[in-house]
Amino acid sequence: MTPAARLIWVWTYERTGNAGLTCRRCGVSRPTLRKWWRRCLAEGEAGLIDRSRRPLNSPGCRVLAPLEQLIIKLRKGRKLGIKRLRIELQRIHGVRLAIDTTHKVLCRHGLNRLKRQRLVRKRWKRYARPIPGDRVQMDVCKIGPRLYQYTAIDDCSRYQVVGLFPNKSATSTLAFLDQVFEEMPVSIQRVQTDRGQEFFAYSVQDRLRAWSIKFRPIRPRSPHLNGKVERVQRMALEEFWPTVGLDDPDLEVKLAEFQHFYN
């Protein structure tokens with residue numbers, strides 16, 4: 001109810017002098033009418049404005065004014081997040097507060113969001129190994145049902161070797177390593193792959209150690225580090241595979257011709 005409506009109640013009561021008549025006309029109770037009439041007599045029209053219902057004392061309040069100032073000081077001075085802020089209060093000052101309680105204090109003062117400096121990503125840097133065979137990138141790409149393309153490309157010379165296999169397993173990986181070792185015109189020093197299980201098999205690792213080839217897997221969720229082999233696989237998917245049928249009996253011959261044309 002607005003202060004203007006309460007003022008009408010008071011005026012009506014003062015003119016009629018009948019509380020019952022005023023309550024029936026204005027639709028209010030007698031205690032409500034007496035309350036606003038007394039406030040109007042004591043404070044004038046300013047007394048008809050709603051007052052705060054917040055209690056003067058809060059016995060259950062866990063964050064008093066000194067503690068609240070301490071939280072604000074830590075937030076502004078050290079830029080601590082809400083979890084670290086809670087740990088610092090418990091470790092140094094011996095105060096145990098819930099995360100929600102600390103968050104309410106920060107919200108009251110508009111400090112619930114930290115303004116952190118935005119990180120600027122550095123410009124990418126192209127790289128190439130200076131010696132042929134120093135690093136050979138290797139990857140597997142599924143073409144269709146029971147048809148997988150193994151691809152290896154030399155980081156320096158960009159010479160690639162491609163093979164087709166019915167699955168991506170340790171057996172297929174060993175067969176492709178034999179093919180790469182036979183067709184690659186340079187001496188291989190390192191092999192770089194993703195985290196596929198077919199490259200981490202014991203038999204594959206034993207073969208690489210027997211040939212004195214170092215194994216260099218890339219970091220998880222970072223296919224851009226294997227960018228050269230990813231790029232030639234995409235080129236094959238866009239330029240070679242749309243031009244042939246997957247059931248073509250001469251598929252391996254055509255793929256070898258495409259590899260020879262690329263090299």
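Is Glu 68 buried or exposed? With a relative accessibility of 14%, Glu 68 counts as buried, where buried means under 20% relative accessible area, exposed over 50%, and partly exposed in between (1.4 Å probe, protein chains only).

Before going further, note that this is a predicted model, in which local features need pLDDT of at least 70 and side-chain atom pairs count only at pLDDT 80 or more, while totals for chains, interfaces and linings use all residues. Residues are numbered from 1 along each chain as its sequence is written, and side-chain values use heavy atoms, with hydrogens and water left out.

**Stop 1: Glu 68 and Arg 108.** Select Arg 108 together with Glu 68, which form a salt bridge whose closest N and O atoms are 3.4 Å apart; a salt bridge here is a side-chain nitrogen of Lys or Arg within 4 Å of a carboxyl oxygen of Asp or Glu. Because Arg 108 lies in helix 6 (residues 99-108) and Glu 68 in helix 4 (residues 65-78), the pair ties together parts that are 40 residues apart in sequence; helices (H or I, at least four residues) and strands (E, at least two) are DSSP runs, numbered from the N terminus. Arg 108 is exposed, at a relative accessible area of 53%.

**Stop 2: helix 5.** Next select Arg 91 and Glu 88, which both lie in helix 5, 3 residues apart, or about one turn of the helix. Their salt bridge has its closest N and O atoms 2.9 Å apart, and Arg 91 is exposed at 57% relative accessible area, whereas Glu 88 is buried at 9%.

**Stop 3: helices 7 and 8.** Move to Arg 207 in helix 8 and Asp 178 in helix 7, 29 residues apart, where the closest N and O atoms of the salt bridge are 2.8 Å apart. Arg 207 is partly exposed, with 25% relative accessibility, and Asp 178 is likewise partly exposed, with a relative accessible area of 36%.

**Stop 4: the nonpolar core.** Now select Met 138, Phe 176, Val 180, Ile 188 and Leu 208, which touch the most other members among the 21 residues of the largest nonpolar core, a set of buried Ala, Val, Leu, Ile, Met, Phe, Trp, Tyr and Cys residues joined through side-chain atoms within 4.5 Å. Helix 7 gives the most to this core, with 4 residues.
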